[in-house]
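Please read the points below with the coordinates open beside you.

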Amino acid sequence: MKIFETERLIIKSLEKADKEYFAELFTDTKILELIPQKAFTEDQITDRFNKSLNLELNDLKDQKRACGIYEKGKSEMIGLALFLINEDGEKELGYRFRTNYWGKGYGTETTKGMLEYYFKKMNVEKVMADVNIANIGSVKILNKFMEPVSEFFNERDNCTDRRYELWKNNWLQQRI
């Protein structure tokens with residue numbers, strides 16, 4: 001099921017054929033060191049993947065969900081758009097891409113599309129995002145759209161995260 005599309009990308013629910021690419025996004029050390037996150041076990045990958053398979057649009061309102069990112073006209077999943085809920089119950093966006101797709105502007109395009117989806121389709125008032133400050137690429141992307149509101153030491157991931165927010169009214173003003 002298609003969630004939304006951008007100029008070059010389609011964001012949609014995962015399919016069984018995506019599991020290998022999904023696993024790569026949770027085991028590739030280059031990807032994980034920027035988050036940072038420990039590699040998932042096969043059981044963790046299978047569990048997380050299966051939870052994301054049968055996506056319903058209503059799930060995005062109150063559950064954490066991973067959607068696949070695909071280049072238009074191609075069937076190979078290149079990344080994940082993550083509809084998250086943080087510890088304060090706030091809507092949060094996230095994304096990750098396979099390393100072959102870094103540096104192509106897909107992160108910016110996905111972030112813009114996700115913000116539009118959150119604000120226009122889901123009618124959310126505020127969207128948050130957390131990023132490891134060492135993840136320079138994602139910091140640059142989030143700085144384009146959102147305002148940093150705090151930095152904190154993330155004990156679970158042993159890094160310093162920066163929290164960003166964007167209010168719907170501010171986003172609407174940017175779009176004019």
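1. A crossing of two helices is called right-handed if the near helix is turned clockwise from the far one by less than a right angle, and left-handed if the turn is anticlockwise. In this model, which is predicted, helix H5 passes helix H6 in a right-handed crossing.

2. As for the geometry of that pair, the axes of H5, residues 106-121, and H6, residues 136-145, come within 10 Å and cross at roughly 40°.

3. Which residues make the contact between the two helices? On the H5 side they are Gly107, Thr108, Thr111, Lys112 and Leu115, while H6 contributes Ile141, Leu142, Lys144 and Phe145.

4. Turning to the backbone, most residues other than glycine have a negative phi. Asn123, which lies in the loop between H5 and strand E6 (126-132), has a phi near 55°, a positive value in a residue that is not glycine.

5. Asn158, found in the loop between strand E7 (147-154) and strand E8 (159-167), likewise has a positive phi, of about 55°, although it is not a glycine. Is Asn158 buried or exposed? Its relative accessible area is 58%, and since values over 50% count as exposed, Asn158 is classed as exposed.

Conventions. Residues are numbered from 1 along each chain as its sequence is written. This is a predicted model: local features need pLDDT of at least 70, side-chain atom pairs count only at pLDDT 80 or more; totals for chains, interfaces and linings use all residues. Side-chain values use heavy atoms; hydrogens and water are left out. Axes are lines fitted to C-alpha atoms, for helices over the stretch in contact, and angles run from 0 to 180 degrees between N-to-C directions. Helices (H or I, at least four residues) and strands (E, at least two) are DSSP runs, numbered from the N terminus. Contact means heavy atoms within 4.5 Å. Buried means under 20% relative accessible area, exposed over 50%, partly exposed in between (1.4 Å probe, protein chains only).
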